[in-house]
Amino acid sequence: VGDRCYEEGMYEAAKLLYSSVSNFARLASTLVHLGEYQAAVDSSRKANSTRTWKEVCFACVDGQEFRLAQLCGLHIVIHADELEELIHYYQDRGYFEELISLLEAALGLERAHMGMFTELAILYSKFKPQKMPEHLELFWSRVNIPKVLRAAEQAHLWAELVFLYDKYEEYDNAVLTMINHPTDAWREGQFKDVIAKVANVELYYKALQFYLDYKPLLLNDLLLVLAPRLDHTRTVGFFSKDAMQHAAESRDAELAEKLLQWFLEEGKRECFAASLFTCYDLLPPDVVLELAWRHNLVDLAMPYFIQVMREYLSKVDRLDASESLRKREEHVVEPAPLLFDFDGHD
């Protein structure tokens, strides 16, 4: 009879009938229709059924009774397979703050599970990014890191992304993120700690270039960390190339000449040859010739001298052509001006 009354919408009668037989699940459903949300929550507690908790929770959300909805929600979120539906119910109606409050309250429950910590982290990334760092610091070991990584990347939370990559032992990605987003993600101590763990050796040299560009005063500190792992020959070549580029961009002929002499003193023949072209227009040919002759490197410098000779001959040819044109113009006879006799004579 109670079910027939319920189906006919006779909720007051159904309430009396369900109460008399202690059918708390059906009573909770009936009370929801009567708008008696507090009583519905009390009946749900006695019924202690996930289905009943969900029904009353969703009804409370629809009635904007969020405190009561949270009381019900705490009995739902502990079931991992029910969590997604609950989250969607709140999110689809735009109740993000209330959903976050519910999950925050649930973290201390004895049956709290990874899904709760993960979903709260994702919600923070979207709606409360300022809470993300503390949450990850406390609970990184209890979240599904790949899922939270994707959320942090989509939200452009670069510092949090680095933190998660580090904890997930994806050190290469952590270093690349710091290099690509230094303003938000780079931390000196963290960078030096992570760069020592990367698998891809190429990242050592990418890190050196990054420090040269953005943190030159800290370069020595980075080199102390990387020294045991670097190919010293390649590293010297790396810095030689950078030194040549710097000298060329400085437009300082004296600096370029000193660099050339240093390469010779250190026995870096290839760097000497390369710098002849990198700093080509800053180096006097007579100085280059003298240095090459003294160090028995004339053959190595020959391509440079061929280029110099070609340029000089081109200049001479242009001067000869200009001089010939000038002389031809001087020998052109200008037409005599017409003279008029104003006295009437020819």
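W186, F191, F210, Y211 and Y214 come together as one aromatic cluster in this predicted model. Rings of Phe, Tyr and Trp (the six-membered ring for Trp) are taken to pair if their centres lie within 6.5 Å, with planes under 30 degrees apart called stacked, over 60 edge-to-face and the rest tilted. By that count, the structure holds 12 aromatic pairs. One of them joins W186 and Y211 in an edge-to-face arrangement, 6.2 Å centre to centre and with 70° between the planes. W186 sits in the loop between α14 (182–185) and α15 (188–195), while Y211 belongs to helix α16 (residues 202–214), so this pair ties together parts that are 25 residues apart in sequence. Helices here are DSSP runs of H or I with at least four residues, and strands are runs of E with at least two, numbered from the N terminus. W186 counts as buried at 12% relative accessibility, and so does Y211 at 1%; buried means under 20% relative accessible area, exposed over 50% and partly exposed in between, using a 1.4 Å probe and protein chains only.

F191 and F210 make a tilted pair, 5.8 Å centre to centre with 35° between the planes. F191 lies in helix α15 and F210 in helix α16, so parts that are 19 residues apart in sequence are tied together by this pair. F191 is buried, with a relative accessible area of 0%, and F210 is buried too, at 3%.

As for charges over rings, the criterion is NZ of Lys or CZ of Arg within 6 Å of the ring centre and within 35 degrees of the ring normal. The charged end of R93 sits over the ring of Y89, 3.5 Å from its centre, and K315 lies over the face of Y312, 5.6 Å from the ring centre.

Buried residues of α5 include W53, F58 and C60. Their cover, counted by contact (heavy atoms within 4.5 Å), includes α3 (24–33), α4 (37–47), α6 (66–73) and α7 (80–92). After α5 comes Q64, with a positive phi near 55°.

Residues are numbered from 1 along each chain as its sequence is written. Local features need pLDDT of at least 70 and side-chain atom pairs 80 or more, whereas totals for chains, interfaces and linings use all residues, and side-chain values use heavy atoms, leaving out hydrogens and water.
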